[in-house]
Amino acid sequence: MIEIRNLNKTYHLKTGDVKAVQDVSIRIGDGVIYGVIGYSGAGKSTLVRCLNLLEIPDSGSVTLEGTGEITLKGGKPYLDGKVMTPRQQNSMRRGIGMIFQHFNLLDRCTVFENIAYPLRHTGRSRKEITQRVRELLALVSLEDKIDVYPSQLSGGQKQRVAIARALAAEPRVLLSDEATSALDPEATESILVLLQDLNRKLGITIVLITHEMAVIRSIADRVAVMEDGRVVEEGPVYEIFAEPKAEITRKFVSSSLLGKLDRLIAEDSDLVKVQPGEKLVRLMFRKDCVGEHLLTTAARRYGFDLNIILANSEYLRGNPIGGMAGIMSGDRENIEKGIQFLRQNHVSTEVIRDGDADGAACAEPVSVS
Amino acid sequence: METLMEQLAPNLYLYRDKFYKSFAATVEMFWKAGLIAFVIGLLLGVLLVITKKDGISPKPVVYQVTNLLINVFRSIPFIILLIFLIPLTRAVVGTAINVRGAILPLVFGVVPFYSRQVEVALSGVDPGKIEAARSMGSGTIGLIFRVYLREAVPDLIRVTTVTAISLIGLTTMAGAVGAGGIGSFAINYGQNQNHPDIVNVCVITLLIVTFILQSLGNGLSRRATNRGLLTRHHAREKEENV
């Protein structure tokens with residue numbers, strides 16, 4: 001288990017202080033795929049680097065299995081009451097694998113040499129190293145590339161080599177810093193499948209940093225949403241998707257499920273223009289209301305019309321979730337009652353544009369369920 | 001060959017023994033000073049890269065002092081440096097003339113330039129690779145030898161070639177103050193005795209040496225960049241079979 005308590009990290013730049021991580025406390029269970037999502041500059045990269053002390057936090061504590069509780073005081077890491085020596089820090093890092101957006105393979109080393117890097121100078125014999133490298137290459141299905149240089153590999157293959165290298169020393173934790181952000185969709189998918197596979201086969205804990213909700217959606221068990229150095233929301237991925245609380249989380253969820261809607265609104269498309277008496281709404285259905293006829297029931301009971309603009313549904317870790325955007329029209333009171341009814345039935349309903357509000361067509365989100 | 005020399009450069013033919021000796025002296029100065037400067041330059045270059053502010057082992061004082069010394073020695077023209085260093089050379093090696101006396105000023109002349117070049121070459125190593133190696137538990141020594149020096153090899157060969165060529169230039173200059181070698185031969189027997197053929201042959205000799213060094217550097221650097229797959233593969237197969 002990894003436990004982070006009250007972690008802080010501030011960069012002192014010429015242009016002023018940047019609070020990259022502010023009072024972050026999270027627990028990451030063993031064998032979990034833990035996602036950390038946020039826009040660039042939210043502090044997620046710094047946070048993950050604080051786990052293996054590539055960045056030394058200013059204060060707080062990090063507890064790692066196999067190492068113990070590392071407390072930070074005055075920008076120095078303490079273990080068992082003593083300042084950690086560089087040697088202790090290095091050996092702690094060996095227990096945590098890390099992969100990067102740009103792979104960071106050594107270009108002048110072959111695939112074999114890259115993967116052998118963490119194994120050398122650790123008392124292993126040449127034969128043991130060769131055998132281990134072959135095992136690792138089999139694990140990432142790249143057996144035939146053992147003597148190839150990174151420049152001859154595709155992006156996806158490079159990341160596979162990087163994963164093999166990160167796993168070489170048998171770490172219990174793998175940190176992934178935007179590992180799929182530089183890859184095409186196909187390679188992204190294959191790397192995500194591989195990570196999930198490794199998580200299941202080896203029981204390795206994976207901490208996954210990304211700015212793409214799709215990545216979280218496809219493999220993470222839990223997610224922390226970061227904004228301005230703080231964790232604004234944290235929980236199981238389905239819960240976060242189904243009931244996003246913070247504004248930024250709602251943005252991530254909506255962009256993932258109803259990605260086009262934001263664009264339509266930004267472009268002020270005719271599809272999302274509302275007349276007086278109309279309301280543009282976004283509805284999110286979670287597992288306990290997907291599959292029921294809530295919408296038609298509401299429309300029939302309260303006598304409003306609904307023009308569906310966008311709708312999408314998917315399975316998230318085995319549970320269904322749906323999103324829909326549409327324009328409700330009809331009697332103002334009836335619409336209100338309809339919305340009430342939907343909310344009572346656990347449909348998260350958000351009025352994005354209200355034709356009756358001032359400056360209707362370009363109104364910002366007015367009400368939030 | 002000898003008759004050809006006699007016809008084309010009669011004066012050189014007359015002093016051919018001197019010419020051979022001078023050439024040998026230049027070669028000796030070049031490799032001795034070069035070897036020492038290579039080691040010191042690499043050391044200082046590495047020191048600069050690792051001790052700078054965002055280096056892997058930041059030590060502002062060490063960096064500032066090294067940086068200042070390099071700047072100072074780089075800005076002194078070599079011919080002045082030669083004279084300036086005479087007392088130090090005498091104190092260290094006992095003489096300020098001949099090849100023996102030339103090595104120290106040559107090292108002083110070339111090290112600042114070379115350290116800077118090494119620093120630039122090493123700074124070109126992607127910080128991401130350093131970070132990855134750190135995440136795998138490499139310490140400062142590991143990072144220097146397994147990442148910096150290794151990944152920068154093609155660039156290091158390039159800057160070493162440039163430095164070697166400029167060192168040839170410096171050795172001829174050292175000749176002007178009594179070090180011997182091709183430079184002093186061209187001045188004493190060519191220019192001062194009005195034998196243009198000697199000057200010309202010296203120029204051509206240096207051109208050839210420079211050309212050879214440059215080709216060698218280019219070739220090595222290219223090989224270091226695209227290392228042959230097959231040879232590496234076979235080397236490893238053999239290693240495994242043993």
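This report walks through parts of chains A and B in a predicted model.

## Two domains in chain A

Domain 1 takes in 2-95 + 171-252, while domain 2 covers 258-362. Going by C-alpha atoms, the centres of these two domains of chain A sit 35 Å apart.

Where do they touch? On the domain 1 side of chain A, six residues make contact, and they meet seven residues of domain 2 of chain A. Helix α8 (residues 237-242) of chain A gives the largest share of that domain 1 side, with four residues. Sorted by class, the domain 1 side that touches domain 2 in chain A has four nonpolar residues, two charged ones and no polar ones.

## A sheet in chain A

Next up is an open sheet of six strands in chain A, running in the order β8-β9-β10-β3-β11-β12 with mixed pairing. At its edges are β8 (96-99) and β12 (230-236) of chain A, each of which pairs on one side only. On average, and ignoring direction, neighbouring strands in this sheet are turned by 15° against each other.

One residue to look for is A:Ala224, whose bridge partner in β12(A) is A:Glu234.

A helix also lies over this part of chain A. Helix α1 (residues 44-51) of chain A lies across β3 (33-37), β8, β9 (173-177), β10 (205-210) and β11 of chain A. Its direction is about 155° to β10(A).

## A covered helix in chain B

Now over to chain B. Helix α11 (residues 181-191) of chain B is mostly covered, with eight of its eleven residues buried. Those buried residues of α11(B) are B:Gly181, B:Ile182, B:Gly183, B:Ser184, B:Phe185, B:Ala186, B:Tyr189 and B:Gly190.

What does the covering? Among the elements over the buried residues of α11(B) are α3 (16-51), α10 (153-179) and α12 (196-225) of chain B.

## Two crossing helices in chain B

Helix α3(B) has another partner to look at. Its axis and that of helix α9 (residues 140-151) of chain B come within 12 Å and cross at roughly 115°. The crossing of α3(B) and α9(B) is right-handed.

Which residues meet there? From α3(B) come B:Val46, B:Val49 and B:Ile50, and from α9(B) come B:Thr140, B:Ile144 and B:Tyr148. By class, this contact of α3(B) with α9(B) has five nonpolar residues, one polar residue and no charged ones.

Methods
Residues numbered from 1 in each chain as written. Chains lettered and ligands numbered in written order. Predicted model: local features only at pLDDT ≥ 70, side-chain atom pairs only at ≥ 80, totals over all residues. Domains from an automatic or database assignment. Contact = placed C-beta atoms within 7 Å. Nonpolar A, V, L, I, M, F, W, Y, C, P; charged D, E, K, R; others polar. Buried ≥ 20, exposed ≤ 12 C-beta atoms within 10 Å, placed from the backbone. Pairing = 2+ DSSP bridges. Axes fitted to C-alpha atoms, helices over the stretch in contact; angles between N-to-C directions. Left-handed = near helix turned anticlockwise from the far one by under 90°.
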